[in-house]
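Dear colleague,

Here is the structure I said I would pass on. My notes on it follow below.

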Amino acid sequence: MKIINLLYLIFSTIFSTNDVAKINKLKKEAERYFFEKNYELAINKYSYLLDSMNIEDDNVQLNLSHSYLLNNDTIKAIDEYNLLSSSKNNEIKSIAYQQLGVISNKHNKLEESLELFKNSIKANSLNTESKYNYELVTKRIKEQQNKEQQNKEQQNKEQQNKEQ
């Protein structure tokens with residue numbers, strides 16, 4: 001019985017060491033592809049790590065999300081960022097909300113974007129990019145409201161002129 005336990009211990013150590021080496025190699029390859037702007041290959045490597053190697057690493061998932069976004073696959077990027085918005089790591093959660101806010105802002109969903117930047121700041125009050133974006137979106141909303149108010153006033157003046 002001791003021999004069986006010893007063999008199990010030896011084989012499990014060998015296989016887990018090989019897995020760690022393989023995981024580290026895949027991470028390095030994925031990062032290299034990402035920095036080379038070969039997002040398709042980066043996506044393949046990051047996806048393989050998460051799906052086939054079953055690793056649970058928020059940093060890998062965040063890099064996968066960024067790769068999707070930079071590869072113009074906004075839908076998958078949003079899905080990945082949404083998953084990360086419930087991360088226990090507040091820094092990663094903040095980045096996920098920030099990226100979702102940037103995407104919403106890009107699609108002119110200002111109120112949604114503002115809320116996402118607020119969530120980002122709540123997750124990590126040191127996230128200066130989210131603070132900056134929050135202020136920018138707030139300014140855009142105010143400008144939009146002022147423009148709408150001016151348009152209403154202009155329409156009222158035109159209506160009054162017609163009546164006279």
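The chain has an accessible surface of about 11,600 Å², and carbon and sulfur atoms hold 50% of that area (Shrake-Rupley method, 1.4 Å probe). Please note that this is a predicted model, in which local features need pLDDT of at least 70 and side-chain atom pairs count only at pLDDT 80 or more, while totals for chains, interfaces and linings use all residues. Residues are numbered from 1 along each chain as its sequence is written, and side-chain values use heavy atoms, with hydrogens and water left out.

Of the 164 residues in the chain, 34% are buried (under 20% relative accessible area, 1.4 Å probe, protein chains only). Among contacts (heavy atoms within 4.5 Å) with a separation of 6 or more, 42% join residues 24 or more positions apart.

The chain has seven helices and zero strands (DSSP runs, numbered from the N terminus: H or I of at least four residues for helices, E of at least two for strands).

The axes of α3 (residues 58-70) and α4 (residues 74-84) come within 7 Å and cross at roughly 155° (lines fitted to C-alpha atoms over the stretch in contact, with angles from 0 to 180 degrees between N-to-C directions). The two helices are therefore roughly antiparallel (over 145 degrees). Residues in this contact include Leu-62, His-66 and Leu-69 of α3, and Ala-77, Tyr-81 and Leu-84 of α4.

Regards

Definitions and conventions
Buried < 20%, exposed > 50% of the residue type's maximum accessible area, 1.4 Å probe, protein only. Parallel < 35°, antiparallel > 145°, perpendicular 65-115°, else oblique.
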